[in-house]
Amino acid sequence: MNVVLWIIAGLLAAAFLAAGAMKMLQPKEKLIASGLGWAADFSDGQVKLIGLAEVLGAVGLLLPALLDVAPVLVPMAATGLAITMIGAIVVHVRRKENQAVLPSLILLVLSAVVAWGRFGPWSF
């Protein structure tokens, strides 16, 4: 199970790092034009902050355990990302962006699995 949690954490880290970097580096208008219509409901700063949270969460999923420095940060990062995905689901449902709910739900479940496993029986 430890290997499964590492794989899930690695996949989540890659997904959140890419998504967060995109939100941080691209202008809000470009994000909206590329299909992220939800960004229209947020200020530039809020979109960048969401991206920063995703990037920090991605780093927190792997780096503390790899460096063996405060590995309790791994499940905390996973919990934070799960909360972020709950917010994403709420926004998508309110905007009736049903096609975007499933990916957010999958990321929520995977983040919750990592948090459960690393807080619980397979902690570091």
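Which residues in α1 meet which residues in α5? On the α1 side they are N2, L5, W6, I8, A9, L12, A15 and F16. On the α5 side they are L107, L110, S111, V113, V114, G117 and R118. Contact here means heavy atoms within 4.5 Å.

This is a predicted model, where local features need pLDDT of at least 70, side-chain atom pairs count only at pLDDT 80 or more, and totals for chains, interfaces and linings use all residues. Residues are numbered from 1 along each chain as its sequence is written, and side-chain values use heavy atoms, with hydrogens and water left out.

**Helix α1 against helix α5**

- Helices are DSSP runs of H or I with at least four residues, numbered from the N terminus.
- Helix α5 covers residues 101-119, and α1 covers 2-25.
- The axes of α1 and α5 come within 10 Å and cross at roughly 135°.
- Axes are lines fitted to C-alpha atoms over the stretch in contact, and angles run from 0 to 180 degrees between N-to-C directions.
- α1 and α5 are therefore oblique to each other. Angles under 35 degrees count as roughly parallel, over 145 as roughly antiparallel, 65 to 115 as roughly perpendicular and the rest as oblique.
- α1 passes α5 in a left-handed crossing, meaning that the near helix is turned anticlockwise from the far one by less than a right angle.
- The residues of this α1 and α5 contact divide into 11 nonpolar, 3 polar and 1 charged.
- Nonpolar means Ala, Val, Leu, Ile, Met, Phe, Trp, Tyr, Cys and Pro; charged means Asp, Glu, Lys and Arg; the others, Gly among them, are polar.

**Two further helix pairs**

- α1 and α3 (44-67) pack at about 150°, with their axes 7 Å apart.
- α1 and α3 are therefore roughly antiparallel to each other.
- The crossing of α1 and α3 is left-handed, and their contact has 19 nonpolar, 3 polar and 3 charged residues.
- The axes of α4 and α5 come within 8 Å and cross at roughly 160°.
- That makes α4 and α5 roughly antiparallel to each other.
- α4 passes α5 in a left-handed crossing, and the residues of that contact divide into 19 nonpolar, 4 polar and 1 charged.

**The cavity**

- Rolling a probe the size of a water molecule over the atoms shows where empty space is left.
- On a 1 Å grid over the protein atoms alone, a cavity is a set of points where a 1.4 Å probe fits but cannot get out; lining residues have an atom within 4 Å of a point.
- A search of the whole structure finds 1 cavity of 30 Å³ or more.
- The largest cavity holds about 30 Å³ of space. A volume is the space filled by probe spheres set on the points, which are joined across faces, edges and corners.
- Its lining is L5, W6, A9, L61, A65, V74, R118 and F124.
- α1 gives the most to this cavity lining, with 3 residues.
- By class, the cavity lining has 7 nonpolar, no polar and 1 charged residue.

**The largest pocket**

- A pocket is an open set of points with protein on both sides within 12 Å along at least five of seven lines.
- About 560 Å³ of space lies in the largest pocket.
- Its lining has 24 residues, of which K23, W38, A88, H92 and S104 lie nearest the centre.
- α1, α3, α4 (73-94) and α5 each give two or more residues to the pocket lining.
- The largest share, 7 residues, comes from α4.
- The pocket lining divides into 14 nonpolar, 7 polar and 3 charged residues.
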